[in-house]
Amino acid sequence: MVTANKLLHLLEAFSTTWFLFSAAQNHHLVFFLLEVFNNIIQYQFDGNSNLVYAIIRKRSVFHQLANLPTDPPTIHKALQRRRRTPEPLSRTGSQEGTSMEGSRPAAPAEPGTLKTSLVATPGIDKLTEKSQVSEDGTLRSLEPEPQQSSEDGSPAKGAWLALPFSPGLCSGGWVLSWKSKLPLQTIMRLLQVLVPQVEKICIDKGLTDESEILRFLQHGTLVGLLPVPHPILIRKYQANSGTAMWFRTYMWGVIYLRNVDPPVWYDTDVKLFEIQRV
């Protein structure tokens with residue numbers, strides 16, 4: 001359930017209007033997640049009741065995507081909201097501002113002793129490679145579609161943008177070019193079938209515990225109710241400097257923290273430190 005909720009939270013974050021309209025390739029992230037959900041619903045419905053339940057609970061996200069605004073005034077308003085200074089994250093329950101007994105505040109680094117930088121994150125199109133399962137069970141790579149433009153210079157319908165973003169691109173026609181391609185049919189049909197059934201069970205039995213709903217979903221079926229299954233699409237990971245640095249940092253963090261008792265790092269040059277932003 002934790003994993004299912006995190007996936008839905010990702011979709012909720014990626015589908016906010018200011019995020020979708022603020023960069024030319026941001027909508028690809030929504031496409032990727034919808035592909036995952038569709039593959040699971042069509043081919044692995046059994047055993048994924050937690051995800052189905054999370055989709056039902058967060059159904060408003062999918063309805064908002066289906067009704068995504070395409071008029072220039074609304075798009076402009078969403079982009080203006082992005083330019084405002086973001087509010088600081090709530091840290092309820094944290095101990096920021098207090099220090100442990102015996103600790104000392106971090107001393108400023110001497111000039112020339114500390115230089116941190118982040119490797120530029122590659123474009124989304126460089127992170128995955130799209131392939132399709134053919135009838136004989138073999139994988140077939142799908143070449144990316146060439147970039148096309150219409151007469152007025154805006155991307156043609158269905159075109160995948162790979163250009164530096166500029167506010168001029170964020171027009172109603174640009175949004176329509178990819179909104180009409182959002183693979184929402186399977187999920188909307190699932191919601192159309194299951195939401196009334198779940199609501200009826202909750203009302204009839206006065207349910208306040210989700211375990212009964214999950215049990216109902218585990219024994220349910222959507223055979224014959226969903227659209228014709230789409231071809232299986234598989235996206236293979238492509239190595240790149242951005243994710244390589246993330247994996248390396250994460251793995252060393254895990255290795256260090258899981259080996260502090262017994263203190264195998266004692267009296268060695270391996271140190272765990274934190275860079276504080278001033």
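Predicted model: local features only at pLDDT ≥ 70, side-chain atom pairs only at ≥ 80, totals over all residues.
**Aromatic pairs**

The structure holds seven aromatic pairs. Two of them are set out below.

| Pair | Centre to centre | Angle between planes | Class |
|---|---|---|---|
| F14 and F19 | 5.6 Å | 25° | stacked |
| W246 and Y250 | 5.2 Å | 5° | stacked |

Take F14 and F19 to begin with. Their rings form a stacked pair. F14 is buried, and F19 is buried too.

Now turn to W246 and Y250. Their ring planes meet at 5°, and planes under 30 degrees apart count as stacked, so this pair is stacked. Both residues belong to helix 10, which covers residues 241-257. They sit four residues apart there, so about one helical turn separates them.

How accessible are these two residues? W246 has a relative accessible area of 53%, so W246 is exposed, as the cut-off for that class is over 50%. Y250 has 46% relative accessibility and counts as partly exposed.

W246 and Y250 also belong to an aromatic cluster. Its members are Y237, W246, F247 and Y250.

Where does N240 lie? N240 is in the loop between strand 3 (233-237) and helix 10. Is N240 buried or exposed? Its relative accessible area is 11%, so N240 is buried, the limit being under 20%.

N240 also makes a contact through its side chain. That side chain reaches the backbone nitrogen of G242 at 3.2 Å.

Terms used: Residues numbered from 1 in each chain as written. Heavy atoms only, no water. Phe/Tyr/Trp six-rings, centres within 6.5 Å; stacked < 30°, edge-to-face > 60°. Buried < 20%, exposed > 50% of the residue type's maximum accessible area, 1.4 Å probe, protein only. Helix = DSSP H or I, 4+ residues; strand = E, 2+ residues; numbered from the N terminus. Polar contact = N/O pair within 3.5 Å; in protein donor to acceptor, adjacent residues only side chain to side chain.
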